[in-house]
Amino acid sequence: MNIILLGPPGAGKGTQARVLAENIKLPHISTGDLLRQNVSAGSELGRRAQEFMNKGELVADALVTEMLLERINQDDTRPGFILDGYPRNLAQAKALDSALENKNRSIDIVFYLDASEEVIIQRLSGRLVCSKCGANYHITNMPPKVKMTCDRCGGSLYHRADDNETTIKNRLAVYRKESHPLIQYYEDKGKLKSILADKDPAVVLREMLRLIGDTRDSAKV
Ligand code: AP5
């Protein structure tokens with residue numbers, strides 16, 4: 001099953017993609033995480049992407065699409081994948097559709113995680129990320145058991161450079177202009193499922209599992 005998680009910054013795409021991936025055993029592919037790995041590694045791609053990421057602008061389609069297609073051509077995606085942060089505009093959605101079509105594959109379901117602007121700002125301004133495994137926490141909503149330490153792997157937690165007020169506002173503006181039209185694009189294809197993401201993470205996960213026909217009571221959050 002090939003799944004996309006759509007939604008504004010801070011809607012919980014990364015948080016949900018990670019737990020959904022663990023529950024349904026599909027790889028979680030986040031273009032934001034792949035770009036940040038390139039920035040940390042000091043690669044040519046990272047060097048070219050960093051300036052855009054720091055301002056909350058989109059990185060050039062050609063760069064991101066090449067990186068994404070390389071990732072989804074790896075063997076572990078044969079049973080399916082969960083995309084988080086891609087596509088981000090109509091050009092990327094069309095590039096993805098045609099690349100999948102060439103391999104006789106297609107997107108099965110698109111979850112649109114909808115959250116209010118007030119919730120988004122509260123979430124992003126308190127987000128903490130593990131420097132080792134990338135798990136997401138929040139200072140008050142989802143605090144780690146030990147201060148600034150990841151519950152899962154013991155890695156140290158940090159604040160993302162783009163989680164400051166000016167960049168958050170720009171990321172929201174870019175989302176409204178570039179990414180919001182994707183809702184209609186996937187609605188027209190009959191693939192969109194909207195979910196209210198202002199709720200507790202366990203409630204959001206259970207709703208996604210229900211919509212893909214997984215009715216186990218044992219879902220892990
Ligand atoms: P990316 O890393 O994708 O950032 P984003 O889309 O802005 O999304 P976020 O990661 O900020 O939010 P999220 O929805 O994943 O929320 P999260 O789960 O962390 O992209 C970063 C940059 O890379 C872009 O600005 C761009 O420059 C570039 N880029 C990436 N992809 C690109 C592409 N395709 N094309 C071009 N450029 C690209 O949750 C947020 C917080 O809320 C956390 O603290 C979490 O603990 C908390 N939280 C989550 N869910 C809940 C809940 N239900 N209740 C309470 N708290 C919650």
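Here, buried means under 20% relative accessible area, exposed over 50%, and partly exposed in between, with a 1.4 Å probe and protein chains only. These legends describe a predicted model, in which local features need pLDDT of at least 70 and side-chain atom pairs count only at pLDDT 80 or more, while totals for chains, interfaces and linings use all residues. Residues are numbered from 1 along each chain as its sequence is written, and side-chain values use heavy atoms, with hydrogens and water left out.

**View 1. Cysteines without a disulfide.** The structure holds zero disulfides, a disulfide being a pair of cysteine sulfur atoms within 2.5 Å. For cysteine 133, the closest cysteine sulfur belongs to cysteine 150 and lies 3.7 Å away, too far for a bond. Cysteine 133 is partly exposed, at 32% relative accessibility. Cysteine 153 is also in no disulfide, with the sulfur of cysteine 130 as its nearest at 3.5 Å. A relative accessible area of 28% makes cysteine 153 partly exposed.

**View 2. The sheet of three strands.** This open sheet runs in the order β6-β5-β7 with antiparallel pairing; strands (E, at least two residues) and helices (H or I, at least four) are DSSP runs, numbered from the N terminus, and two strands pair if DSSP finds at least two bridges between them. At the edges stand β6 (136-138) and β7 (157-158), each pairing on one side only. β5 and β7 are joined by two bridges, and cysteine 130 has leucine 157 of β7 as its bridge partner.

View 3. Take a look at β1 (residues 2-6) and β4 (residues 109-114), which pair in the parallel sense over four bridges. Isoleucine 4 has valine 110 in β4 as its bridge partner.

**View 4. The second largest pocket.** Its volume is about 470 Å³, the space filled by probe spheres set on grid points joined across faces, edges and corners. A pocket is an open set of points on a 1 Å grid over the protein atoms alone, where a 1.4 Å probe fits, with protein on both sides within 12 Å along at least five of seven lines; lining residues have an atom within 4 Å of a point. Among the 20 lining residues, Asp33, Arg36, Gln37, Ser40 and Tyr158 are the closest to the pocket centre. α2 gives the most to the lining, with five residues.
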